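Below is a short briefing on one protein model.

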Amino acid sequence: MTYRSLLVLLDHTSTCTARAAYAMRLAKDFDCHLVGVAPTDLIDLPATPKAAASLNEYSALVWDALRDQAERAADTFRDACHAAAVKSFEAVIDEANKVESLVR
């Protein structure tokens with residue numbers, strides 16, 4: 001059995017390193033393209049008229065932190081793929097929650 005590509009979730013859980021390493025090993029064994037997806041997750045903060053400015057500022061800070069976290073996961077994945085000599089790979093940062101990212 002062969003695969004043209006594999007998808008692995010990149011996040012900051014304790015199992016991500018092992019999950020990514022296993023995916024890299026499979027990608028090498030099947031000689032296929034490996035895609036690491038790092039979803040930012042989404043936040044939904046309701047804005048109230050009295051606190052709209054502070055909630056908007058807070059939401060922007062949280063969004064930046066989520067994006068930075070996803071970028072770090074993608075960078076770590078790229079470095080690991082280079083170190084493992086994976087032939088074909090890419091890291092995608094998706095501005096969605098984990099479920100939507102994986103289904104897409």
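Strands E2 and E3 pair in the parallel sense over 6 bridges, where pairing requires at least two DSSP bridges between two strands. Alanine 38 stands opposite isoleucine 93 in E3. This is a predicted model, in which local features need pLDDT of at least 70 and side-chain atom pairs count only at pLDDT 80 or more, while totals for chains, interfaces and linings use all residues. Residues are numbered from 1 along each chain as its sequence is written, and side-chain values use heavy atoms, with hydrogens and water left out.

**Sheet**
- Strands (E, at least two residues) and helices (H or I, at least four) are DSSP runs numbered from the N terminus.
- The open sheet has 3 strands in the order E1-E2-E3, with parallel pairing.
- E1 and E3 are at the edges, each with a single partner strand, so one side of each has no neighbour in the sheet.
- E1 and E2 also pair in the parallel sense, over 5 bridges, and leucine 6 stands opposite leucine 34 in E2.

**Core**
- The largest nonpolar core has 18 residues; such a core is a set of buried Ala, Val, Leu, Ile, Met, Phe, Trp, Tyr and Cys residues joined through side-chain atoms within 4.5 Å.
- At least two residues of this core come from each of E1 (5-9), H1 (16-30), E2 (33-39) and H2 (52-83).
- Phenylalanine 77 is among the residues with the most contacts inside the core.

**Aspartate 94**
- Aspartate 94 lies in strand E3 (residues 89-94).
- Aspartate 94 is buried, with a relative accessible area of 15%; buried means under 20% (1.4 Å probe, protein chains only).
- Residues in contact (heavy atoms within 4.5 Å) with aspartate 94, not counting those up to four places away in sequence, include Thr40 and Arg104.

Notes
Buried means under 20% relative accessible area, exposed over 50%, partly exposed in between (1.4 Å probe, protein chains only).
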